[in-house]
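Please look over the sequence and the model shown here.

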Amino acid sequence: LSLNASFGQGFKAPSIFERTYPCPECATPGPAIGLKPEQAQGWDLGLGWRAARASVRLTAYRLTVSDQIDYRYPEGYLNIARTRGTGIEAEAEARLPAGLVLKASYAYAEAKDLSDGSRLLHVPRQSGSVSIDWTHGRATAGLIVRARSSTPDVFGEVRPFAVADVTAAY
């Protein structure tokens, strides 16, 4: 059994693209000269368990960002005064007989603009994946299925979706 905790601060300057994105249809076309750098404070707390053929990990986190840089239509790139992301993530892995490895992950996130309580764009509330991989000598194969819930977007809402990928190699 393991327990991990971390606390941190971060800083991100606006990129050249964010500062100079020419958006002719935006309300303020031209450079975003007034963009401020983002400043963040956060923590995470993780609990894990590992055995010979299996492991499980659960992590909770919170991240508060001042002046988060975001794209909003029709304004273009701008700073959001204060945002907060809070969530949990769970992961599990099992090594099965015959060269099989089964993995699963799940995440729940609440990401909000604290000035008006709205959800942040492009952050799904729920996402997860399940995969199975097989190895035998030089041959490998795998299947992974990833899914996420709907998420707000500048032009409405992106519907929930799932994607499956199959891989093989020798």
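The report moves from the whole chain to single residues.

## Model and overall fold

This is a predicted model. The protein chain holds 1 helix and 10 strands. In sequence order the elements run β-α-β-β-β-β-β-β-β-β-β.

## Dimensions and surface

The radius of gyration of the protein chain is 20 Å, whereas a compact globule of 170 residues would have one near 15 Å. The C-alpha trace spans about 60 × 35 × 25 Å along its principal axes. One pair of residues gives a sense of scale. Gly-34 and Arg-148 are 114 residues apart along the chain, and their C-alpha atoms are separated by 34 Å.

Buried residues account for 25% of the 170 residues. Charged side chains number 19 positive and 17 negative. The centres of these two sets lie 6 Å apart.

## Glu-18 in the helix

Glu-18 sits in helix H1, which covers residues 16-20. Is Glu-18 buried or exposed? Its relative accessibility is 13%, so Glu-18 counts as buried, the cut-off being under 20%.

Which polar partners does the side chain of Glu-18 have? One is the side chain of Lys-12, in a polar contact at 3.3 Å. Another is the backbone nitrogen of Ser-15, which lies 2.9 Å from a polar atom of the Glu-18 side chain. Leaving out residues up to four places away in sequence, Glu-18 touches Lys-12, Ala-32, Leu-35, Ile-69 and Tyr-77.

## Thr-151 in strand E8

Thr-151 belongs to strand E8, residues 151-153. Thr-151 counts as buried because its relative accessibility is 0%. The side chain of Thr-151 reaches the backbone nitrogen of His-122 at 3.2 Å.

What surrounds Thr-151 beyond its neighbours within four places in sequence? The contacts include Arg-119, Leu-121, His-122, Val-123 and Pro-124. They also include Gly-156, Glu-157 and Val-158.

## Positive phi at Asp-67 and Ala-98

Most residues other than glycine have a negative phi. Two residues here are worth a check against that background. Asp-67 is not a glycine, yet its phi is positive, at about 60°. Ala-98 is not a glycine either, and its phi is also positive, at about 65°.

Where do they sit? Asp-67 is in strand E3, residues 54-72. Ala-98 is in the loop between strand E4 (76-96) and strand E5 (100-113). Asp-67 has a relative accessible area of 19%, so it is buried. Ala-98 counts as exposed because its relative accessibility is 63%, and the cut-off for exposed is over 50%.

## Gly-34 in a loop

Gly-34 lies in the loop between H1 and strand E2 (38-50). Its relative accessible area is 62%, so Gly-34 is exposed. Gly-34 is also one end of the 34 Å C-alpha separation from Arg-148.

Definitions and conventions:
Residues are numbered from 1 along each chain as its sequence is written. This is a predicted model: local features need pLDDT of at least 70, side-chain atom pairs count only at pLDDT 80 or more; totals for chains, interfaces and linings use all residues. Side-chain values use heavy atoms; hydrogens and water are left out. Helices (H or I, at least four residues) and strands (E, at least two) are DSSP runs, numbered from the N terminus. Buried means under 20% relative accessible area, exposed over 50%, partly exposed in between (1.4 Å probe, protein chains only). A polar contact is a pair of N or O atoms within 3.5 Å; within protein, one must be able to donate a hydrogen and the other to accept it, and residues adjacent in sequence count only if both atoms are side-chain atoms. Contact means heavy atoms within 4.5 Å. The radius of gyration is taken over C-alpha atoms; the globule rule is 2.2 Å times the number of residues to the power 0.38. Lys and Arg count as positive and Asp and Glu as negative; His and the chain ends are not counted. The place of a charge is taken as NZ of Lys, CZ of Arg, CG of Asp or CD of Glu.
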